[in-house]
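Trainee: I have the model open. Can we go through some side chains and see what they touch?

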Amino acid sequence: MKFWKSMLAATLGLAFAAGAWAQKTQLTVYTALETDQLKAYQEAFNKVQPNIEIKWVRDSTGVVTAKLLAEKVNPQADVIWGVAASSLALFERNGMLEAYAPLNLDAIMSQYRDKNSPPAWWGMDVFGAVVCFNTVEAKKKGIALPTTWKDLTKPEFKGQVVMPNPASSGTGYFDVVAWLQLWGDEGGKGGGWKYMDALHENIGQYTHSGSKPCNMAAAGEYVAGISFEYRGHTNKAKGAPIELVFPKEGLGWDLEGFAIYKGTKKLEAAKKLADWASSKDAMMLYGKNFALTAQPGVAPKLANIPADYESRLIKMNFDQAAAGRERTLAEWSKRYDAKSEKK
């Protein structure tokens, strides 16, 4: 009798475990989040929602953007989490996003979310431009610390600047958009393009990652790496011999944002992820990496980021950046792609 009771208990236990497993939902999440951030975000979410698994599909912003556009007729994603708002605005223009107001939407500043109600996307944190400047290598070469974007076009920087390719990197794209907004586009003839022509003369390489230029500068491969403040902050905090330069003319920037993919068959699970990802707990995690979060007053002061950082950001129009993306990237590639690293 004891044997049968034991067998029954074991069978019931297995059935219960199988039932619990069957209740788990797997969300396919497309992301451009840094790989060293994924684990913390996923673990924090699963403490609240243990029955929703995340299957990450990660690449740089430009690659993720191109992949999603290519899959428009046969969607694979359920959620887009940690992709640039300029790309999310592009997806919205293509009718690819499911509008949803997460539980914590009211706490997110209006300038950091889609203007529609309910919004098609909303922001998590701001990532903005920085120049990682290797002081050791610069001293060897007699190169002074730059303070402006235009300093990087000086003859002494010949071959010593590396920046991200805007077609594959969100960081690279917001740099290009910012320069065009600062100095003019004019169909390829404006001051923004003239600046990039001059900068191109000093570029050693265009990378396919926004982090890589700062990493290369930190390692002494180049004197100056145009990157974004998260990677600059983390490299300097690890002891890299770099100074972080925030050029005086103003900083390009973008938002890491969140959106639900239209047509997902796992909408309820996607909404639960949206509710958590917009929460104060999530914003506190974002604030460990970035100086500005979409909820105000959450991010602690980062040691290597200036207190007036937000005031240095130029005014960015995400809808305009999305509308002009194809034309801008075609012009950029025609002029400068020869110096891009091989994929």
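Mentor: Start with K140: its relative accessibility is 62%, so it counts as exposed. Keep in mind that this is a predicted model.

Trainee: Which side chain does K140 meet in a salt bridge?

Mentor: That of E137, at 3.1 Å from N to O. Both residues sit in helix α5 (residues 135-141), three residues apart, about one turn of the helix.

Trainee: And E137, buried or exposed?

Mentor: Buried, because its relative accessibility is 14% and the cut-off for buried is under 20%.

Trainee: How far apart are the closest N and O atoms of K271 and E268?

Mentor: They are 4.0 Å apart, and the pair forms a salt bridge. K271 and E268 are three residues apart in helix α10 (residues 267-277), so about one helical turn separates them. Here E268 is exposed, with a relative accessible area of 53%, while K271 is partly exposed at 23%.

Trainee: What about E71, which residue does its side chain meet?

Mentor: K67, in a salt bridge of 3.2 Å, N to O. E71 is buried at 14% relative accessible area, and K67 is partly exposed at 35%.

Trainee: How many salt bridges does the count come to?

Mentor: The count is 15. Some are joined up: D197, E331, K334 and R335 are linked in a network.

Trainee: Change of topic. How many disulfides does the structure hold?

Mentor: One. C132 and C214 form it, with their sulfur atoms 2.2 Å apart. It links distant parts of the chain, since C132 is in strand β5 (residues 122-134) and C214 in helix α8 (residues 212-218), 82 residues apart. Both C132 and C214 are buried, and the link is left-handed, with -90° about the S-S bond.

Trainee: Now β6. Which way do its side chains point?

Mentor: V161 and M163 point one way, V162 and P164 the other, and all are buried. In a regular strand the side chains alternate between the two faces of the sheet.

Trainee: Which strands is β6 joined to by bridges?

Mentor: β7 (residues 203-207) by four bridges, running parallel, and β8 (residues 224-228) by two, also parallel. M163 has Y206 as its bridge partner in β7, and V161 stands opposite A224 in β8.

Trainee: Where does S168 lie?

Mentor: In the loop between β6 (161-164) and α6 (170-183). S168 counts as buried because its relative accessibility is 4%.

Trainee: With which side chain does the side chain of S168 make a polar contact?

Mentor: That of H208, at 2.8 Å. Leaving aside neighbours within four places in sequence, the contacts of S168 also include S60, T61, G62, V63 and T207.

Conventions: Residues numbered from 1 in each chain as written. Predicted model: local features only at pLDDT ≥ 70, side-chain atom pairs only at ≥ 80, totals over all residues. Heavy atoms only, no water. Buried < 20%, exposed > 50% of the residue type's maximum accessible area, 1.4 Å probe, protein only. Polar contact = N/O pair within 3.5 Å; in protein donor to acceptor, adjacent residues only side chain to side chain. Contact = heavy atoms within 4.5 Å. Pairing = 2+ DSSP bridges. Disulfide = S-S within 2.5 Å.
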